[in-house]
Amino acid sequence: MSLLEINHLKKSFHGNEVLSDISLSVQEGEVLSILGPSGSGKSTLLRCATFLETMDYGTLSYDGEAATVNNASEPTKYADKDTIRKLKNNFGLVFQSFNLFPHYTVLKNLIDAPVSVQKRDKDEVTKEAIALLDKVGLSDKKDAYPDQLSGGQKQRVAIARALAMKPKMLFFDEPTSALDPEITAGILKVMRSLAEENMTMVIVTHEIGFAKNVSDRVIFMDGGVIVEEGTPAEVIDNPSNERTKAFLQKMDVK
C-alpha cells in the first residue's frame, strides 16, 4: 500500500493554474526526488500534500486513509478536522527556512510538539530527542538557542525536530538552498543516512548528484505538470523529454 497517494491534483492562485492534474504515489521506504525549474510547482505540490495549502481538485490519502471525501473529478472536499489532525502524524516537514522557535532551546524545539500535541511522556521524549541530536551531530547544542547556531546547524535541528514526531515519512522542501556548499554536504550526509535506514522521503531539491545517488525514483516537473518520471538512470542519466534535457544541461549535468 502507498504511504502517500495523490490523484488529479489541481491548484490555482488568482486564476493562474500552478498545478495541473498531478498524480503520484509514494511507497514505504521509497526516496522520491522532485526536480524542476523555479516556478514549476514543486513547493506548491509539497504544501498541498502537507495541508499547508488546500487543493482545488483531486484526492489525497495517507497510508490508505483518505484526507478527502470527493471524487477526483470534483472540487476537493476535505475530511473532518480530527481526521486531518490524525493524518498529519504520518509526516514531518523540513523547510528551507528552518522554522525553529527562536525563544525555545534546541532541546525544547524537539520535545515541544511530541509532548503537547502527541501527549507523549516528557522523559521518554527527552531521551529520544537527545539521541536524535546525537544522530545529527548536535548533542552539545541542546541548551543553545537558534540564534546561536549556524544555518547548517539550524537545518540539522529542523531534521531532528521532524524525526522527533516519529513520522512515517519526511518531506524536504529545498533543504539546502539557503546554505553554502560546505554546509550543504553535511545536511546531505544526514539525509543519506536516513535513506540508508529506509526512511520514506519526498525531496524537492536542486542537488542533482544527491538525487541521482539517493533516490529510488525521480520526478521532473515543469509548468505545473509532471513531465517525466522514472529511476535516476532514466530521468537524470538518459532523459527522454526535451524539457528535462534542457533543464539538466542548464544545471550542468552531463
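Helices (H or I, at least four residues) and strands (E, at least two) are DSSP runs, numbered from the N terminus. Two strands pair if DSSP finds at least two bridges between them. The model described here is predicted, so local features need pLDDT of at least 70 and side-chain atom pairs count only at pLDDT 80 or more, while totals for chains, interfaces and linings use all residues. Residues are numbered from 1 along each chain as its sequence is written, and side-chain values use heavy atoms, with hydrogens and water left out.

**The four-stranded sheet**

Strand S1 (residues 2–13) runs antiparallel to S2, and eight bridges join the two. Within this pairing, Lys11 has Leu19 in S2 as its bridge partner. Both strands belong to an open sheet of four strands in the order S2-S1-S4-S5, with antiparallel pairing. Strand S2 (16–27) and strand S5 (65–66) are at the edges with a single partner strand each, so one side of each has no neighbour in the sheet. Helix H1 (residues 42–49) packs on this sheet and touches S1, S2 and strand S4 (57–62). Contact here means heavy atoms within 4.5 Å. The direction of H1 makes about 120° with that of S1; axes are lines fitted to C-alpha atoms, for helices over the stretch in contact, and angles run from 0 to 180 degrees between N-to-C directions.

**The six-stranded sheet**

A second open sheet has six strands in the order S6-S7-S8-S3-S9-S10, with mixed pairing. Its edge strands, S6 and S10, each pair on one side only. From one strand to the next, the twist averages 15°. Helix H6 (residues 181–196) packs on the sheet, touching strand S3 (31–35), S7 and strand S8 (200–204), and its direction makes about 145° with that of S8.

Strand S9 (residues 217–222) and strand S10 (residues 225–230) pair in the antiparallel sense over five bridges. Met221 has Ile226 in S10 as its bridge partner, and Asp222 stands opposite Val225 in S10. S9 and S10 form a hairpin with two residues between them, and Gly223 in the turn has a positive phi of about 60°.

**An aromatic pair**

The structure holds seven aromatic pairs. Rings of Phe, Tyr and Trp (its six-membered ring) pair if their centres lie within 6.5 Å; planes under 30 degrees apart count as stacked, over 60 as edge-to-face and the rest as tilted. Phe91 and Phe171 have ring centres 5.6 Å apart and planes at 80°, so this pair is edge-to-face. The pair links distant parts of the chain, with Phe91 in strand S6 and Phe171 in strand S7 (residues 169–173), 80 residues apart.

**Pocket and cavity**

On a 1 Å grid over the protein atoms alone, a cavity is a set of points where a 1.4 Å probe fits but cannot get out, and a pocket is an open set with protein on both sides within 12 Å along at least five of seven lines; lining residues have an atom within 4 Å of a point. Grid points are joined across faces, edges and corners, and a volume is the space filled by probe spheres set on the points.

| Space | Volume |
|---|---|
| Largest pocket | about 770 Å³ |
| Largest cavity | about 30 Å³ |

Of the 24 residues that line the largest pocket, Lys88, Phe91, Leu93, Ala113 and Met165 are the closest to its centre. Helix H2 (81–87), strand S6 (91–94), helix H3 (106–116) and helix H5 (151–164) each supply at least two residues of this lining.

The largest cavity is lined by residues including Leu4, Leu45 and Phe171. H1 gives the most to this lining, with three residues.
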